[in-house]
Amino acid sequence: MSGSHAPIRDSLVVLLTITSGAVDAASFLALGHVFGSVITGNLVLLGVAASTTQPGLAMHSGVALAGYVAGVAIGAPLAVHRHETGETWPPSVTITLVAELGVLAAFSVVWELARAAPHGDVQLALVAILAAAMGLQAAAVRRLGQMSTTYLTSTLTGLIAGLVTGSKPDGAKRSLGVLAAIVAGAVVAAILLKTMPAWLPAVVLMPLCLVIVSSVAGFEWVRNHLTPRRR
């Protein structure tokens with residue numbers, strides 16, 4: 001696939017980041033004040049728990065870390081395919097995202113069975129599920145190149161450094177998009193948790209479903225039907 005597909009790829013990456021923001025908001029606000037994708041934050045929380053003797057926080061952050069590691073370990077071999085070279089969006093990336101969708105579907109079922117108010121072991125299970133899904137997503141997006149939908153500190157650093165030094169960082173529009181998307185996903189998830197918590201799975205699943213459908217339909221179809229034509 002040619003470089004003309006890069007804007008479509010970047011748009012799909014931005015969509016995936018909405019899911020990341022929703023997952024992090026849900027895990028922080030409803031599942032023990034830990035993160036589904038910000039694993040460095042969970043490592044800090046592990047240190048805080050060790051120094052302040054908070055076994056609950058240690059358990060939740062440890063489970064999130066273990067879930068994420070498991071997701072990456074499963075997703076990395078799925079996302080890498082030796083015969084896929086030079087493609088803007090390799091099929092193996094979509095396969096990995098389908099696996100993520102299955103994991104998030106399991107989260108949605110358990111969330112609804114718990115009446116959107118999980119506690120105890122169910123809460124820990126949901127933390128593990130969300131973190132595993134984010135590990136799968138991180139492994140998939142890593143296959144696309146120097147971009148991420150989960151750990152965005154380097155994205156923000158590169159964008160600011162480019163602005164203050166007068167250089168144009170690669171993928172500046174995508175960087176702005178993912179930073180805005182993770183905030184948007186978190187905002188929507190937080191509002192739903194306060195008002196209609198049973199609808200939380202919608203904001204978690206919908207962006208991922210759109211990405212999968214678009215990539216399965218094919219980049220040529222998406223470009224021909226969903227992007228403006230030059231006159």
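This is a short walk through the packing and surface features of one structure, which is a predicted model.

I'll start inside. The largest nonpolar core has 55 residues. Inside that core, the residues with the most contacts are Leu31, Trp89, Leu97, Phe107, Trp111 and Leu200. Helices H1 (6–30), H2 (39–52), H3 (55–79), H4 (91–113), H5 (120–142), H7 (172–195) and H8 (200–217) are the elements that each supply two or more residues. The most comes from H5, which gives eleven residues. As background, nonpolar side chains tend to be buried together in soluble globular proteins.

Take Leu200 from that list. What is Leu200 in contact with, leaving aside its neighbours within four places in sequence? The partners are Ala26, Phe107, Trp111, Ala189, Leu192 and Leu193.

Next, the aromatics. There are two aromatic pairs in the structure. One of them joins Phe28 and Phe35, and this pair is stacked, at 5.4 Å centre to centre with 20 degrees between the planes. The planes count as stacked because the angle is under 30 degrees.

Last, the surface. Leu156, Ile160, Leu163 and Val164 make a nonpolar patch of about 410 Å². Ile160 sits in helix H6, residues 153–165. With a relative accessibility of 44%, Ile160 counts as partly exposed, and it can belong to the patch because patch residues need over 30%.

That's the end of my part.

Technical notes: Residues are numbered from 1 along each chain as its sequence is written. This is a predicted model: local features need pLDDT of at least 70, side-chain atom pairs count only at pLDDT 80 or more; totals for chains, interfaces and linings use all residues. Side-chain values use heavy atoms; hydrogens and water are left out. Patches are made of residues with over 30% relative accessible area and no salt bridge: like charges are joined within 9 Å, nonpolar side chains (Val, Leu, Ile, Met, Phe, Trp, Tyr) within 5 Å. Accessible areas come from the Shrake-Rupley method with a 1.4 Å probe; for residues, only the protein chains shown count as cover. A salt bridge is a side-chain nitrogen of Lys or Arg within 4 Å of a carboxyl oxygen of Asp or Glu. Helices (H or I, at least four residues) and strands (E, at least two) are DSSP runs, numbered from the N terminus. Buried means under 20% relative accessible area, exposed over 50%, partly exposed in between (1.4 Å probe, protein chains only). Rings of Phe, Tyr and Trp (its six-membered ring) pair if their centres lie within 6.5 Å; planes under 30 degrees apart count as stacked, over 60 as edge-to-face and the rest as tilted. A nonpolar core is a set of buried Ala, Val, Leu, Ile, Met, Phe, Trp, Tyr and Cys residues joined through side-chain atoms within 4.5 Å. Contact means heavy atoms within 4.5 Å.
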